[in-house]
Structure formats: structure tokens, C-alpha cells
Amino acid sequence: MASVTTIASHPTSAFISTPEFSRLSQSLHSSQRQRRCSRKSVCGTISASIDLKPPPYALNALEPHMSKETLEYHWGKHHRGYVNNLNKQIEGTELDEMSLESIISASYNKGDILPAFNNAAQVWNHEFFWESMKPGGGGKPSGELLELINRDFGSFEGLIHEFKLAATTQFGSGWAWLAYKEHKLDIPNARNPRPSEEDRKLVVVKSPNATNPLVWEYHPLLTLDVWEHAYYLDYENRRTDYISTFLNKLVSWETVSSRLEAAKVLIADREREMAEIDAIDEMDTIEPEDGDMYFGSDADEFVDDDE
């Protein structure tokens, strides 16, 4: 059964920014996303603007499990603060035309984080979190997602146990994640938290502050915000009750399944591209045989030896 992994990170600032989040497939992975920041004209100049995207439901739609008041503070103040701060940080810099995911990757800087990372990652994390829930959520997944859960955690109950453990034991502020681990054992931007485990599997990990699986080039599928401001108005200090309610009443397993499908499509596309590159490289290394056409040093066209 999978064990919970914690990834170290540097402290994050209290507020972080967010861009416009579009489709489920865009919720996956930094190097695989091509979304651009929206642009607007201000006083005749062009500046980057990352927008505050609302949750995909009314602010009272998750009641009684998550109150309208919590959403008003969590989304309307905290999430908004991250967006505003990020826009201030990237304006006029080389980051202002990057996708949000590219900002996260560049500013994570192999763990030696740069100022924009905290706000950028928290923006992405919150949009991903809102889209992980739905009114009338919970229940149990089906199809390929459930098959992989049974394979990698022994059962759906095994996954729930691991996820609760990650969310409960994350000390202080942070996040719990279900992610799809691809084949890479070493990645260019950060140390892989699970280098010894099998590839192409589901894993549960937890991360402090703003850190998310994008920096390990994992494919996030589900997340739970365990910063205290995410649950204190509704649950006070009862984090375990908040975690159980999230899993039993709020999770959108349909969204998780769609994210898994999108991740596998992205992986397949990348493998095809790499295979094409390898084929071209192999052709470039083939030595010509006798009778093949060649280009002589003193000729201006190809000549066949048989002519």
C-alpha cells in the first residue's frame, strides 16, 4: 500500500495570486500547459493581468458542508489577495507573458523559491481546489479511476485512509494531493519525492504552504486545502471533521476521472513526439552503404555510384 510522502518547501507569503483557469486538462502539469495570461490595455501600455476566476458553482452551493461565509472569505479575500499580489509581482517582468504553470516552474527554482512562486502556486492550487468539489459530491469513483485506485491502494478505502493521513498529518499550512506519477525518475526542476516507486501509478502526497505536484512534474488529480482559513469558520479546529466531510460530501470524482484521462492523453502525445525525435536522430546516424547516393566534396549535386 502506498505511503504518504511529505515534500519540504520554503515558507510562503500569506497571499498568492491566480490566473484564469480553463479546462480540466489545463489543471495538470507545468511543462504541458500552454495557456497564456490575459492582457489588457492600461493608459496606453500593455500589462499582464491574471484574473480571479470564481468557483464553478454559487458561493452557497456547497452548504451545509462548506458555508457561503467560508467561500466569501476564502475565495473572495484570500484567493483574491493572491491574484492581486501576483499581478503586482509579475508586471513588467519576464514572467508577465508566461502561463501560470510556467511561472510556477520558473519561480520554484529547484526549491530555492523566487518571490512570485508563492502567489502563483496558491492561485493555481485554489482554482484546482474549487474545481475538485461539486454540490452533492462524494460517493465512490468508477471506471478506470477506480481500477487504478484498487491496484495502487488495495481498495477505495485504502485510498481514503492514505488521503486522510496525508491531510491530517500535514503540520501547519499546506495541501493533500492525489496525483498520477509518470515515468520520470529525475526531473530538471526539483527532486522527485517518489524516485524508488513504480511509475505510472497513483500516489498520495502532502505539501507545505504553496508547493504543489507540478514542481515534481506529477499530474495532480485531486487536492484538499488544509490551511486553517479553509475550514475554521465551519469546523473551528476540527480538521479531521473537515477532511471527512470533503471526502464524503464534496469531492467530484467525475472531475478526478476527467483529469486522469487528460493526463494520460498528454503523456501519450509526449511519447509520440519523443519517438518521432528518436527516429529522426537514428536516421541521422545511419552510414551510407556502397551504391547509395552521396554528396561529393567537389560536386554540386547528388550522384549515384552506378551511373
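Of the 307 residues of the chain, 50% count as buried (under 20% relative accessible area with a 1.4 Å probe, protein chains only). The model is a predicted one, in which local features need pLDDT of at least 70 and side-chain atom pairs count only at pLDDT 80 or more, while totals for chains, interfaces and linings use all residues. Residues are numbered from 1 along each chain as its sequence is written, and side-chain values use heavy atoms, with hydrogens and water left out.

The chain contains eight helices and six strands (DSSP runs numbered from the N terminus, helices being H or I of at least four residues and strands E of at least two). Their order along the sequence is β-β-β-α-α-α-α-α-β-β-β-α-α-α. Where contacts (heavy atoms within 4.5 Å) join residues at least 6 apart in sequence, 77% are between residues at least 24 apart.

Helix α3 covers residues 116–131, and its 16 residues reach 23 Å from the first C-alpha to the last, close to the 22 Å expected at 1.5 Å a residue (the expected span is 1.5 Å times one less than the number of residues). Because 16 of the 16 residues of α3 are buried, this helix is largely enclosed by the rest of the structure.

Two packed helices are described by the angle between their axes and the distance between the axes. Helix α1 (residues 68–90) crosses α3 at roughly 145°, and the two axes come within 9 Å (axes are lines fitted to C-alpha atoms, for helices over the stretch in contact, and angles run from 0 to 180 degrees between N-to-C directions). This crossing of α1 and α3 is left-handed (the near helix is turned anticlockwise from the far one by less than a right angle). The residues of this contact divide into ten nonpolar, seven polar and one charged (Ala, Val, Leu, Ile, Met, Phe, Trp, Tyr, Cys and Pro are nonpolar, Asp, Glu, Lys and Arg charged, and the others, Gly among them, polar).

Helices α4 (residues 143–153) and α5 (residues 156–169) pack at an angle of about 70°, with axes 8 Å apart. That makes α4 roughly perpendicular to α5 (65 to 115 degrees). In this pair, Leu-146, Ile-149, Asn-150 and Phe-153 of α4 meet Phe-156, Gly-158, Leu-159 and Glu-162 of α5. By class, the contact has five nonpolar, two polar and one charged residues. The buried residues of α5 include Phe-156, Leu-159 and Glu-162.

Technical notes: Parallel < 35°, antiparallel > 145°, perpendicular 65-115°, else oblique.
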